[in-house]
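Dear colleague,

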Amino acid sequence: MASMLEENGGGAEATNPEPQGPGRSIVRWGQHHAGARELASLYSPGKRCQEWLSVILCFSLMAFNFIHLLANFHLGHLWFILLSILAGILTADFASGLVHWGADTWGSVDLPVFGKAFIRPFREHHIDPTAITRHDFIETNGDNCMLTIVPLANMAFNFLTLSPAEIYHIYPWYCYLFALAIFVTLTNQIHKWSHTYFGLPPPVVLLQDWHIILPRKHHRIHHVSPHETYFCITTGWLNYPLEKIGFWRNLEDLIQGVTGEKPRADDLKWAHKVK
């Protein structure tokens with residue numbers, strides 16, 4: 001029960017209370033929050049269509065490339081393959097943090113096209129963290145699938161046009177790209193699992209416990225207001241070292257100094273919405 005309270009924001013509110021003001025007596029977190037309801041209503045049929053197309057294309061290309069990776073496998077590549085996979089996972093974790101930080105910290109839902117399509121889910125997630133657990137597979141993974149279509153399509157084209165000798169020389173690079181594509185594609189699904197406290201398949205729980213994918217307890221650190229740390233949501237491996245060197249804070253200070261924009265101003269605006 002304590003973990004569920006933290007996940008829905010009660011624990012975060014208790015450990016890090018925010019200043020009170022007009023309307024701040026309203027519960028900030030949850031699907032009944034005024035801002036959460038408005039943000040959820042902005043999910044459009046056009047957005048749904050884009051997500052469906054992205055999922056279909058992504059997984060079709062992934063299956064095609066996996067078959068060709070198997071067909072071109074050589075035992076002499078084994079150590080390069082393992083290193084490539086590890087590098088792909090680390091790159092995906094850093095990329096997840098960079099995108100998550102950027103969408104959490106900057107921009108506005110009011111931006112034309114991009115705001116409602118891509119920033120809206122991030123704003124909704126902070127005031128209704130469990131909304132993601134009510135999203136189906138398409139809504140959860142559509143945007144991440146879209147990101148991987150171009151590199152997967154380029155890989156498929158090269159498998160069809162390059163000679164076996166050429167593929168042999170770039171095979172470790174393709175293993176890296178394929179591992180990166182898989183973990184980028186799965187990032188939002190992993191993120192969803194980190195907010196799911198009941199009914200997870202045992203293998204998923206085991207991967208979380210071993211910190212091979214983002215653990216639930218680890219991700220709760222990000223959901224302590226004002227959501228300014230632990231942005232990496234694929235494995236979370238890079239969260240601690242990036243926090244220790246102040247990576248995100250220094251980047252925010254640099255951008256604020258150059259542009260004058262205040263980090264997370266739009267996020268706070270939606271959190272304060274009461275009607």
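Does Asp136 count as buried, partly exposed or exposed? Because its relative accessibility is 33%, Asp136 counts as partly exposed. Please note that this is a predicted model.

Salt bridges

The structure holds five salt bridges. In one of them, the side chain of Asp136 meets that of Arg48, with 2.6 Å from N to O. Asp136 lies in the loop between α6 (114–127) and α7, while Arg48 belongs to helix α4, so this pair ties together parts that are 88 residues apart in sequence. Arg48 likewise counts as partly exposed, at 23% relative accessibility.

Another salt bridge joins Lys47 and Asp143, whose closest N and O atoms are 2.4 Å apart. Lys47 lies in helix α4 (residues 45–71) and Asp143 in helix α7 (residues 137–161), so the pair connects parts that are 96 residues apart in sequence. Both Lys47 and Asp143 are buried.

Glu252 is in helix α12 and Arg264 in the loop between α12 and α13 (265–271), so the pair ties together parts that are twelve residues apart in sequence. Glu252 is buried, with a relative accessible area of 7%, and Arg264 is buried with a relative accessible area of 7%. A network of salt bridges links Glu228, Glu252 and Arg264.

Surroundings of Thr105

Glu252 and Arg264 are also among the residues that Thr105 touches; leaving aside residues up to four places away in sequence, the list is Phe231, Glu252, Lys262, Pro263 and Arg264. Thr105 is found in helix α5 and is buried, with a relative accessible area of 3%. Its side chain reaches the backbone oxygen of Trp101 at 2.6 Å.

Aromatic pairs

A search of the whole structure finds ten aromatic pairs. One of them is the edge-to-face pair of Phe94 and Phe247, at 5.9 Å centre to centre and with 70 degrees between the planes. This pair links distant parts of the chain, with Phe94 in helix α5 (residues 78–105) and Phe247 in helix α12 (residues 247–259), 153 residues apart. Phe94 counts as partly exposed at 30% relative accessibility, and Phe247 is partly exposed with a relative accessible area of 26%.

The rings of Phe231 and Trp248 have their centres 5.5 Å apart and their planes at 75 degrees, so this pair is edge-to-face. Phe231 lies in the loop between α10 (216–220) and α11 (239–244), and Trp248 in helix α12, so the pair ties together parts that are 17 residues apart in sequence. Both Phe231 and Trp248 are buried. Ring pairs join Phe94, Trp101, Trp106, Phe231, Phe247 and Trp248 into a cluster.

Elsewhere, Arg216 lies over the face of Tyr197, at 5.5 Å from the ring centre.

Nonpolar core

The largest nonpolar core has 26 residues, and those with the most contacts inside it are Cys58, Leu69, Leu152, Met155, Phe159, Tyr174 and Phe178. Helices α4, α5, α7 and α8 (164–194) each supply at least two residues of this core, and α8 gives the most, with eleven residues. Not counting residues up to four places away in sequence, Cys58 touches Cys145, Thr148, Ile149, Leu152 and Thr185. In soluble globular proteins, nonpolar side chains tend to be buried together.

Backbone angles

His211 is placed in the loop between α9 (202–209) and α10 and counts as partly exposed, at 27% relative accessibility. Tyr230 is found in the loop between α10 and α11 and counts as buried, at 12% relative accessibility.

With kind regards

Terms used
Residues are numbered from 1 along each chain as its sequence is written. This is a predicted model: local features need pLDDT of at least 70, side-chain atom pairs count only at pLDDT 80 or more; totals for chains, interfaces and linings use all residues. Side-chain values use heavy atoms; hydrogens and water are left out. Rings of Phe, Tyr and Trp (its six-membered ring) pair if their centres lie within 6.5 Å; planes under 30 degrees apart count as stacked, over 60 as edge-to-face and the rest as tilted. Helices (H or I, at least four residues) and strands (E, at least two) are DSSP runs, numbered from the N terminus. Buried means under 20% relative accessible area, exposed over 50%, partly exposed in between (1.4 Å probe, protein chains only). A charge sits over a ring if NZ of Lys or CZ of Arg is within 6 Å of the ring centre and within 35 degrees of the ring normal. A salt bridge is a side-chain nitrogen of Lys or Arg within 4 Å of a carboxyl oxygen of Asp or Glu. A polar contact is a pair of N or O atoms within 3.5 Å; within protein, one must be able to donate a hydrogen and the other to accept it, and residues adjacent in sequence count only if both atoms are side-chain atoms. Contact means heavy atoms within 4.5 Å. A nonpolar core is a set of buried Ala, Val, Leu, Ile, Met, Phe, Trp, Tyr and Cys residues joined through side-chain atoms within 4.5 Å.
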